[in-house]
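I opened the notebook to look up charges, contacts and cover in one model. My entries follow.

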Amino acid sequence: MNLGKVTGVISNLIFIEAHGAVTQNEICLIHTENKKLMAEVIRVTGTRVSAQLFESSMTIKMGSRVDFTGKMLEVELGPGILSKKYDGLQNDLAKMSGLFIDIGQTTPPLDNDVYYGFTPLAQEGETVQAGDWLGSVKENWIDHKIMVPFKLEGTYTVESIVKKGDYLINDVVAVLSSEVGEKIEVTMVQKWPVKRAINTFKQKVRPNTILQTGLRVIDTLNPIAEGGTGYIPGPFGTGKTVLQQAIAKNSKTDVLMIVACGERANEVVEIFTEFPQLTDPVTGRTLDEKTTIICNTSNMPVAAREASVYVGMTLAEYYRAMGLKVLILADSTSRWAQALREMSNRMEELPGPDAFPVELPAVIANFYSRAGLTELNNGAWGSVTFIGTVSPAGGNFKEPVTESTSKVARCFYALSQKRADAKRYPAIDPIASYSKYLDYPEFVDNADKFIQEGWVAKVQKCKDIIRNGLEARDQISILGDDAVPLDYHIAFWKSEMIDFALIQQDSFDDVDMNTSLERQKYMFNKIMEIAEREFVFFEFEQVGTFFKQLINILKQMNYSPFDSAQFKKYAKELEMAIQKNKEGTLTE
């Protein structure tokens, strides 16, 4: 083990004189009176080392001893991760005592005294490689796969594997033999450095299947794919956190990772208390059973913000290697970027735009690239879908974090201050937002096959109707109701119908808060049938009266259970209202 001593301290930036070879991103332990504080090497210049401390530096003294571990920041991977609440370094918060985290306090991330029922999946004599499944245990309701350690290279032979039974996570469950005869003992636990992607799959392909979030403005108009990436920028108060929580509650995924990266403590507490009570729409069990929360609030150490997003992504990749659909939500990546800026400024590096590090776009691009849809070595498929929020100061979408993210994320969900002020929720701007997956041939073909023929083309037509309605609204506002042709009023009210009946959603209503893809398909076709129909009016007051009636009926349909007697009753009322206009009874 290489040693060093502290030569300077600036907040959580520690300067060290090293007595041996040190590598970038190596973890070092700084001795205080009775504890060892963890830090990460971020610059090496000869024997001078700069490290970012994951704790408060108030107990560190000049000349304090430093141990260089020779390892990068790692997480423990094994059964027991789900339902846990971790800090940014994977310490189990539930095992900590007191209201506040003490300096240097650590707790084991996994439960070493819990027995898991192990079922072997591999056989003796079988040839395996990193990431292959050796067995499985039940973690809540999920089949948690015990895999060949990711760090092993080449092929191995299964020398022995234990029989079906109950074992502790540190018990040896298999012995592997390398090509040169080296014996490797495998337990249910392995470690992996968080800043290295887990790449033990056969191939990564372009995402092609819609990830159902239950939100119509996303699933219908701007869908995100399984294994895709998206981000939610918006000014403060437009509902970024609420939108992320709605996606978390309603999405059809196997595993959910929530990274509270520099978020306010009160919002994190809400997740802690609310999630155990919610029901997962896929399994009917509690949402907490498939969720892990990595928590690093705004008043916790700044360096741990960076660590928390990497810890969350690594855990997500681990479950993807089991052939599961994983969704990771990070709130907010802006505060992660601010942590990078803070360290860059303390190290007096050459600043980029708005004093962010010059390499910020590369860091963000590298992180987002770790999401994806992958085919595993055994032919199974797994995915990591990543959605992050961005908090641009003053709602300026041209600031560096938003711009850097827009270059790599495939979905853009722009939250509008105007829509939020008008109480039109979700406050996603339907025109400014986009999904690049609508341009992917694989996604279009999949939608044609599993939703309906020509689905994507119909979505694009809907956006054109919304855009025309907004233009008509501007003309009416400028010239007045009487000074524009009736066509302008019709175009405006058709876009309003789409807004009220399709885009807006009531997160406090048990029915409307989560819309299945089947229901979205039915309602979208119904709304588009009206929007594409020609209507006859003689004065502009009739237009507003007629479409307000349709909007009211459509909203009642949204509040009614799908295909229920009540739903069918409103559907019949809708047809009657349309028929009256067709017969001219509304315009006589």
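**Entry: a pair in α10.** I began with Asp464 and Arg467, which both lie in helix α10, three residues apart, about one turn of the helix. Helices here are DSSP runs of H or I with at least four residues, strands are runs of E with at least two, and numbering starts at the N terminus. Asp464 forms a salt bridge with Arg467, with 3.0 Å between the closest N and O atoms. The salt-bridge rule asks for a side-chain nitrogen of Lys or Arg within 4 Å of a carboxyl oxygen of Asp or Glu. I looked up cover next: Asp464 is partly exposed at 38% relative accessible area, and Arg467 is partly exposed at 32%. The classes are buried under 20%, exposed over 50% and partly exposed in between, with a 1.4 Å probe and protein chains only.

**Entry: ground rules.** This is a predicted model, where local features need pLDDT of at least 70, side-chain atom pairs count only at pLDDT 80 or more, and totals for chains, interfaces and linings use all residues. Residues are numbered from 1 along each chain as its sequence is written, and side-chain values use heavy atoms, with hydrogens and water left out.

**Entry: other salt bridges.** How many salt bridges does the rule give? The count comes to 28. I looked up Arg320 and Glu317, whose side chains meet in a salt bridge at 4.0 Å, N to O. Both lie in helix α4 (residues 303-320), three residues apart, about one turn of the helix. Are Arg320 and Glu317 buried or exposed? Arg320 is buried, at 2% relative accessible area. Glu317 is also buried, at 2%.

Then I took Glu349 and Arg43, whose side chains form a salt bridge at 3.7 Å, N to O. This pair links distant parts of the chain, 306 residues apart. Glu349 is in the loop between α5 (333-346) and α6 (360-368), and Arg43 is in strand β4 (residues 36-45). Glu349 is partly exposed at 28%. Arg43 is partly exposed at 30%.

**Entry: negative patch.** I found a patch of negative charge on the surface, where Asp481, Asp482, Glu539 and Glu541 gather. Patch residues have over 30% relative accessible area and no salt bridge; like charges are joined within 9 Å, and nonpolar side chains (Val, Leu, Ile, Met, Phe, Trp, Tyr) within 5 Å. Asp481 sits in the loop between α10 (455-479) and α11 (486-503). Asp481 counts as partly exposed because its relative accessibility is 37%.

**Entry: polar contacts.** I checked Gln52 in strand β5 (residues 48-53). Gln52 is buried at 3%. Its side chain makes a polar contact with the side chain of Glu306 at 3.0 Å. Such a contact is a pair of N or O atoms within 3.5 Å; within protein, one must be able to donate a hydrogen and the other to accept it, and residues adjacent in sequence count only if both atoms are side-chain atoms.

Thr238 lies in the loop between β19 (229-233) and α2 (240-250). Thr238 is buried at 1%. A polar atom of the Thr238 side chain lies 2.7 Å from the backbone oxygen of Pro235.

**Entry: Phe15.** Phe15 is in strand β2 (residues 13-18). Phe15 counts as partly exposed at 27%. I noted Val49 too: Phe15 and Val49 are 34 residues apart in sequence and 5.8 Å apart in space, C-alpha to C-alpha.

How values were computed:
Areas by Shrake-Rupley, 256 points an atom, 1.4 Å probe, with all protein chains shown as cover. Lys, Arg positive; Asp, Glu negative; His and termini not counted. Charge placed at Lys NZ, Arg CZ, Asp CG, Glu CD.
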